[in-house]
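Please work through the following exercises with the sequence and the structure side by side. Each task is followed by a solution that goes step by step.

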Amino acid sequence: MDEDDNLSNADISIDDEDDDGDRARAMVQPMVDEDEDDDDDSDVDLSSVYVQAAGHVSVGAGGVAAATAASSRTIGEGSGTATATAARAGNSRSPLHDKYSSAEGGATGSGSSSNSSGHYGTGSSAAGAAAAGEDAGAKPSFFFGTSSFSLRSRKEVAALINTECCRGSPTPDLDSIMDTLFNPGTPIDNPDNIEWIRWLIAGGRTPQEFVKIVRSYDNHAKCGLVWVPHVVAYRCRTCGISPCMSICRDCFKKGNHTNHDFNMFLSQAGGACDCGDTSVMKAEGFCSDHGINNRVNRDPVPNNLLAVAEAIMPKLLFRLLQHFREHSDTSLQVHAMTSYSCEEFANMLIDLNNMGEIMRKVMTRTLINHEVYAYFMETPCQDTRNGRFLKANREKYEDAVNRFPNPEPPDEYRDLPALCEKLVHTTLLEEFIFWTFKFEFPQTLVCFLLNMLPDQDYKEHLTRTFVMHYSRIPSVLEMSRDPDTLSNRVVHMSVQLFSNESLALKMVNELSLLHVMIISLKLMMSKILIQNTLHNPGKNFHFVIDCTRQVMKDHCYWPLVSDFNNVLSHESVALVFLRDDNLIDMWFQFLQMLQGMNVNVRETASHVEFEPNSYYAAFSCELEASAYPMWSIISHLQDGTHAHLAKKIINYCVTTLHEWLDSIYFMEARLSMEEMMQASFHFPLHRYLAAFVCQAVTKMGIPLSEVLPSRPYLLPLLMIHPLRVQAPAYVCGGA
């Protein structure tokens, strides 16, 4: 790939004139092109429009009529509709409307009505005027029809809406428009509606002009570019703090990595650029565009620049949630189509995020605000067509949560927050994560959520929410029709969250992340256990993993062990693991499930025409689920500082091996002829003992006599099975 084949954050735009548009689609979700040109003839005198907006005026070229003063009107949105009467408007107020208004106090004496559609911050003003049947200034100044406006009218209407939002609550004209744009009878990917949203947010400018203005105030320190699978990226081990660190091509080219230990790779699961993130890579590896020292002192952001965006964002995000609620009771086959049908809508949100830090903050603040979500969830549903639609969707959501598989942890861990029986959501972000799990991590939704990671507050909320849902991953993988693709998408998200050491440690301390990971892995594997057939099956009461099961063949365990290995790469997290006896005990219980699995029996009577295909599954499992975490732990035990922790692991190895020998009823170091005809290649407990003893003696200065088993009869018993591994390997190699 040459220089022009990559994309930086500065290239992600909705501008038609961007020459890298096609290449952007290869790295991120496709973006909606702007069909309208920036035509000087379409400009209007905004000052005159603002003057007109002070009263109720008719605008537009397609029959925009003045609003009537009816005592009630039906309003609709993708989230539902309601009949908003003036009397009700005066008595109900959105708890956060003023918080999301750019201009405080612009509408004195005004309130915000709540209605069944979950309209956020809409409605009339004084209750007394409403009771008298007066308009009270809360009725829309025009009826809105998307098909009745020309390009000129879009700009003009957007200017009027911007003025309304700058005045503060209420915003009846914006509400009237959003009722039409988010009508549940209109598909979420309606291109005309999406185009209208772009123009409204631009506030009287063309979308291209608005993007340039917003980006001129961007002052971000991190890249955060998200890419999908099969995109070329770079990893520099000289600059990386986390082994999962990766950067995009532009950031690599603009940085100084001369004589560094780096590699270029084809991303299999997707990823995100870590340039500018000091928790993942060293500052000297940052490119010229990112890092705290590259932040430019820019002018303060105008108060009203994002007035419409702040007013529209809660409804915009809730509309996407409603889409997933509406289709949550469909079959698994339909889930993919559900995710695909909202792709253009999600891409519009990604485009907004790519405008930079100030627009991203509007989005993330809405996603993690508890009061915004409570407003949508607690608003009563009126007995109207769209009100019933909203109520049905809410019931579908509640039913989906109740039916979603719950973990069954050991009794002593049932009180852990992340292992609770029922999920409870309190923010839009939490429900988005739920639908991400429910719909098997759709690429569009994953990219949308990951694109906002440069916002550190949002990243922590996303990580916390992900951990709270983490124990459901095994069930999602087991039910999936395509576990390989699903595994990649799970890791695409989790690796971005757990590569930050301070954040991973915080999740370990506050949400018991290590416990959740090990328990989830054990629960998945405990469903596929069979009796071990080593030695005398009649006296063997040890159970091992059945390598012929689909969970093993499809590597459904891989996301779990990958995440576990990722967090253990952080020294602070590894030390928490080594100091917690319960964690070590649970981990060695899991290793026992691998000990002696996939027993091979030598056939002497006839030719074996087809070898069993469980070989690969068994070796892959031991390598990924046992060896990788072992080497991650050992990498933090390099001197005598933690000698007592190394001794603790060795003692656990010896104790667990002794229990295993008893369970397979192996009491003396000799084998009968029948036992000589069978062998297993998989003894992770022996490998752990050998590796930690070697590390203790060679790196930590511990005498061998202090780490070898004290019981003399035990050493010969421990030697038999590793020697049996060598004998079949020699015979197979000689053959």
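**Exercise 1.** How many salt bridges does the structure hold?

*Solution.* The model is a predicted one, and the structure holds 21 salt bridges. As background, side chains of opposite charge can pair when their charged atoms come close. Some of these bridges join into a group, for Glu460, Arg464, Lys506 and Glu510 are linked in a network of salt bridges.

**Exercise 2.** Find the salt-bridge partner of Asp277, and state where the two residues lie and whether they are buried or exposed.

*Solution.* Begin with the pair itself: Asp277 forms a salt bridge with Lys459, and their closest N and O atoms are 3.6 Å apart.

**Exercise 3.** Compare the salt bridge of Lys361 and Asp455 with that of Arg414 and Asp411, taking distance and accessibility in turn.

*Solution.* For Lys361 and Asp455, the closest N and O atoms are 3.5 Å apart. Lys361 lies in helix H13 (residues 357-367) and Asp455 in the loop between helix H17 (443-450) and H18, and the pair therefore ties together parts that are 94 residues apart in sequence. Lys361 is partly exposed because its relative accessible area is 43%, whereas Asp455, with 10%, is buried. For Arg414 and Asp411, the closest N and O atoms are 2.9 Å apart. Here Arg414 is partly exposed with a relative accessible area of 43%, and Asp411 is exposed with 61%.

**Exercise 4.** Is Pro559 buried or exposed, and which residues is Pro559 in contact with, leaving aside its neighbours within four places in sequence?

*Solution.* First locate Pro559, which is in helix H24 (residues 558-568). Its relative accessibility is 0%, and the cut-off for buried is under 20%, so Pro559 counts as buried. Once neighbours within four places in sequence are left aside, its contacts are Tyr470, Leu477, Ser487, Val490 and Val491. Pro559 and Asn488 are 71 residues apart in sequence, yet their C-alpha atoms are 7.6 Å apart in space.

**Exercise 5.** Which residues make the nonpolar surface patch of about 280 Å²?

*Solution.* The patch is made by Val697, Leu704, Leu708 and Leu715. Taking one of them, Val697 lies in helix H30 (residues 684-698), and it counts as partly exposed because its relative accessibility is 31%.

Methods: Residues are numbered from 1 along each chain as its sequence is written. This is a predicted model: local features need pLDDT of at least 70, side-chain atom pairs count only at pLDDT 80 or more; totals for chains, interfaces and linings use all residues. Side-chain values use heavy atoms; hydrogens and water are left out. Patches are made of residues with over 30% relative accessible area and no salt bridge: like charges are joined within 9 Å, nonpolar side chains (Val, Leu, Ile, Met, Phe, Trp, Tyr) within 5 Å. Accessible areas come from the Shrake-Rupley method with a 1.4 Å probe; for residues, only the protein chains shown count as cover. A salt bridge is a side-chain nitrogen of Lys or Arg within 4 Å of a carboxyl oxygen of Asp or Glu. Helices (H or I, at least four residues) and strands (E, at least two) are DSSP runs, numbered from the N terminus. Buried means under 20% relative accessible area, exposed over 50%, partly exposed in between (1.4 Å probe, protein chains only). Contact means heavy atoms within 4.5 Å.
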